Amino acid sequence: MEFLLYPLAFALLLGVLVAFHEYGHFVVARMSGVHVLRFSIGFGKPLFSWVDSKGTEFTLAMIPLGGFVSMYDERDPLTSPATSPELEGAVGYTSLTPYWRIAIALAGPFANFLLAILIYWLLFFAGSVQYAPMSTAPGEGSLLHSSGMQSSVQVLRVDETPVTGWQDIALALTKRLGDSGDLTLAVVELDSGVEREVAVPISDWLKGDDDPDIFGSLGLFPSILPVVGRVVEDSQAERAGLEQGDWIVAVDGKPVTYWSDWVQEIERSPNTPLILSLIRSGTQYELRATPDVRTVEVAVNPQEGAENSVTSAVEQGFLGVGPVVIEVEYPLVEALQKGVDETLGKTALTFSMITKMFSGAVSANTLVGPVGIAKIAGQSAKSGWRTFFGIMALMSISLAVLNLLPVPMLDGGHVVFILAEIVRGKPVSEGIQSAALQGGLFLVALMFIFVTFNDLSRLI
C-alpha cells in the first residue's frame, strides 16, 4: 500500500496550503462586507458542496491544484439581483474601497505565512533530536581540502548561521548559490578537538547548475561518524573508560569509518575483548572493552517472497554507547519567537532564490511542479511527521511569496492594479486588465508546463 502514500501525502499537503490561503481571502472578504458567492478548494467538477446561512457555497472539487474565493461583482451579468434575488442589496467587490481590496488580496499570502509560523512554533516546542552534522575528511582537490581542511569534522556554523543538522547546513549553503567571495565554515576537527574557521573562496559558486551539488562541490560528506556522544551508566563502555567525544578510529587494528562499522564490530563480538583505538582531544589512546551479551529476535524468511516469517534468537554484543546527537527544544513563548524568526529567514531565502533565478545565478530547472511536490510530500511523510510538517511550512512560505509576485492572475498582480487605481484616481480600463489577465494566465500555464517537464525529466 506504500504507493498510496505519495498521492495521499500530496493531497494533504496541497489541500492544507490551499485551504489556508483561500480562507485568508475569505475571512477578510467577509470582514469587508462583500458577498462571497463561492469558496472552493480545487477546480473542476464539485465532489462535495454545501451552502451556509449567508448564501456562500463551499465546494471541494476534483482537481486539487488550487482554489478560489468568488465574490459578487456588480459588473457580472450572470450574477445580478435580476437573476439571483438573494443578491438584492448585497455589497459588490467593486464598491469596496481600494484599501479593502488590497487587504483581501494580501490576506491569502498572509494566511500562508501565519501557517508557517504556527508549524515552526509546534516543531520548536515539540523539539527534535538530530544526529550532529559530521563529515569525513574532504577529498583531495575539493574546495575545503584546498582551503586547508584535511580532517573529519563536525560543522558548527555556516557563515554566521549556527547549524544543528544537515538541513540547516543545506539551507545556509543554498543562500550562497551563484555568489563570489568567501564562504566560511566553523568546524571542530575530530583529530585535534580544536574549533576553527575555514574560509572557502568561491566564484559564481555553482552558478546556473541544474542540479547543484552543494555538499560534494565543497567536499562535505554527511555521515554518522564513530564519535561517542553518550556512555550508558554502569555499562561495559563506562568500565572500559570511554568518554563523551572519543573518536573511535579502529577496533582490533581494523579501521572503522562510520558509526555502523563500529556497531557491527561490537555486535559480532559478544563476551570478546576488543582493543579500541581512539582519539581524545588530539591524543591517541587504546582501551580494552568486552561487550556484554544480549539476545535479539531476528526475522528470517524461509524463502524469498514468503508472506510469513519466523524468528531466530541471536546473541549480539552490547557496549553501552550512543552517537552524538543534538536536541533542540524551546519553551512555549520562545518557540513562537523562533517560529517567527524561522519564517522570516525562509521568506528572505525564497525571495533571494527568485532574484537569483531571474539573474541566472540559479537555474530555473531547479523548480519543481506537481509531480515533484508529490514526490517530496511522500518522501517526507515516510521520514516522519516532523519532516512532513517542515516541508509543509517551507512550501507554505513558497506559495505566499509566489502569490506576492506582481503577475496578473496572482494576488500581487491584483495589488498592482489597485495601486495604479489609487495613483490615477480611477480604475485601470477593463480592456487593459483583461489583456493583462490573459497574459498572466499564459505565463502561469507556461510555468506549469515548464515545472512539470522538469519533474518528468528528473524521473526519467
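This is a predicted model: local features need pLDDT of at least 70, side-chain atom pairs count only at pLDDT 80 or more; totals for chains, interfaces and linings use all residues.
Is Glu197 buried or partly exposed? Side chains of opposite charge can pair when their charged atoms come close. Here the count comes to 15 salt bridges, and we'll visit a few.

**Stop one: Glu57 and Arg38.** Select these two and zoom in: they form a salt bridge, with the closest N and O atoms 2.9 Å apart. Now colour the strands around them. Glu57 belongs to strand E2 (residues 57–71) and Arg38 to strand E1 (residues 36–51), so the bridge links distant parts of the chain, 19 residues apart.

**Stop two: Arg157 and Glu197.** Next, select this pair, whose side chains meet in a salt bridge at 3.4 Å, N to O. Arg157 sits in strand E5 (residues 153–158) and Glu197 in strand E8 (residues 195–202), so parts 40 residues apart in sequence are tied together. As for the opening question, Glu197 is partly exposed, with a relative accessible area of 47%. Arg157 also counts as partly exposed, at 23%.

**Stop three: Arg280 and Glu243.** Move on to another salt bridge, 3.5 Å from N to O. Look for Arg280 in strand E13 (residues 274–280), then find Glu243 in the loop between helix H5 (236–240) and strand E11 (247–251); the pair ties together parts 37 residues apart in sequence. Arg280 counts as buried, at 17% relative accessibility, whereas Glu243 is partly exposed, at 40%.

**Last stop: a network.** Finally, select Asp159, Arg176, Asp179 and Lys356 together: salt bridges that share partners join them into one network.

Note on methods
Residues are numbered from 1 along each chain as its sequence is written. Side-chain values use heavy atoms; hydrogens and water are left out. A salt bridge is a side-chain nitrogen of Lys or Arg within 4 Å of a carboxyl oxygen of Asp or Glu. Helices (H or I, at least four residues) and strands (E, at least two) are DSSP runs, numbered from the N terminus. Buried means under 20% relative accessible area, exposed over 50%, partly exposed in between (1.4 Å probe, protein chains only).
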